[in-house]
Amino acid sequence: PSPAAPADPGAVGEGRVPQPGQVGFRGDPAGLTVVDGPGSAPPGTRWDGGVLYVDGGDVTLDGLFVKGGVEYDGDGTLTIRDSVIEGNKNMHSPVIGDSGHVDIRDSTIRWKGEGLGGSWGNGAVHGDARFTVIRCDISGTPDGIQTGSHGSLFEQNWIHDLAMFGTYPNETHNDGIQSYGGRDVVIRYNRIDLVDKGGKAYNGHQNAALFFMPDPDWPLVNPQIVGNYLAGGGFTLRLGAPTTNAVVTGNRFGPTTGGWGELLVEGAQISRWADNVDVNGKQLAKP
């Protein structure tokens with residue numbers, strides 16, 4: 001690289017939090033196949049009004065640059081590998097999983113920067129499908145991931161540069177990962193950084209790096225929050241009821257300047273709490 005270019009951070013190791021730029025699609029975008037209309041829709045999909053719809057069983061999208069949203073409403077697995085999904089004004093989230101299993105790895109999921117309007121709670125990945133999201137670069141929407149599914153896994157993702165707009169009381173309430181219920185959700189070794197480009201850990205827009213507020217009729221059961229780097233938000237980790245048997249271990253918290261602190265636990269039952277430390281390396285007591 002030229003002297004002004006940042007060094008390639010290399011591949012992220014197993015069981016480690018990624019550094020910025022270490023995950024997502026990391027190849028040459030010129031080598032991707034562009035999908036931007038009916039004529040470029042891959043087999044098993046259809047393009048309609050700026051959205052790539054997948055309605056059937058198992059479908060794989062590999063090495064694509066989708067210039068629009070992707071929505072899965074099938075009964076199998078939608079597999080996305082080594083691709084860029086660039087949402088736009090035609091759908092409120094770049095990736096929506098309505099059903100089945102959505103498995104995304106080594107891909108970049110972002111918003112093009114237009115059309116969000118007053119929809120200040122949109123996530124880049126959204127829905128009640130079972131999600132597996134690994135080593136993805138997620139940015140550009142008010143929330144990173146929004147899910148209420150059973151058995152989802154979010155591992156080694158970098159969630160950053162979320163959209164911040166509006167003014168109180170209708171400003172964005174940014175969450176890195178937002179869960180509204182489900183069983184056996186695993187969130188491990190992610191880098192979730194809500195700190196804005198001015199370096200502020202909390203600026204009024206942010207809610208939480210991890211926000212768990214399950215519905216009373218859809219409790220959060222057996223969540224695992226392990227080994228993440230979490231920064232930003234009024235409270236960096238907010239864990240509400242009904243939540244049972246939560247495991248919270250090995251997490252590192254960034255600065256809380258301007259916010260209220262690292263933790264807000266409201267009636268959630270934590271079965272294991274260990275080795276969670278603040279920005280100064282101080283152990284955080286179990287709430």
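Started with Asp175: I looked for its bridge partner in β22 and found Ala208. The strands β18 and β22 pair in the parallel sense over five bridges. For my own record, strands are DSSP runs of E with at least two residues, numbered from the N terminus, and two strands pair if DSSP finds at least two bridges between them.

Note on the source: this is a predicted model, where local features need pLDDT of at least 70, side-chain atom pairs count only at pLDDT 80 or more, and totals for chains, interfaces and linings use all residues. Residues are numbered from 1 along each chain as its sequence is written, and side-chain values use heavy atoms, with hydrogens and water left out.

Next I followed β22 to its other listed partner. Three bridges join β22 to β26 (residues 235-240), and these two run parallel. Leu210 has Leu237 as its bridge partner in β26. I also checked how covered β22 (residues 206-212) is: seven of its seven residues are buried. Buried here means under 20% relative accessible area, exposed over 50%, partly exposed in between (1.4 Å probe, protein chains only).

Then the open sheet. I traced nine strands in the order β4-β7-β10-β13-β16-β20-β24-β28-β31, with parallel pairing. β4 (59-62) and β31 (270-274) are the edge strands, each pairing on one side only. Neighbouring strands in this sheet are turned by 5 degrees against each other on average, direction ignored; the axes are lines fitted to C-alpha atoms, and angles run from 0 to 180 degrees between N-to-C directions.

Is Ser149 buried or exposed? I get 3% relative accessibility, so Ser149 counts as buried. Ser149 is in the loop between β15 (143-147) and β16 (153-155). Its side chain makes polar contacts with the side chains of Thr147 (2.9 Å) and Ser152 (2.5 Å). A polar contact is a pair of N or O atoms within 3.5 Å; within protein, one must be able to donate a hydrogen and the other to accept it, and residues adjacent in sequence count only if both atoms are side-chain atoms. Leaving out residues up to four places away in sequence, Ser149 touches residues including Asp128, Arg130, Phe131 and Arg183 (contact: heavy atoms within 4.5 Å).

Ala163 is buried, at 14% relative accessible area.

Note on methods: Helices (H or I, at least four residues) and strands (E, at least two) are DSSP runs, numbered from the N terminus.
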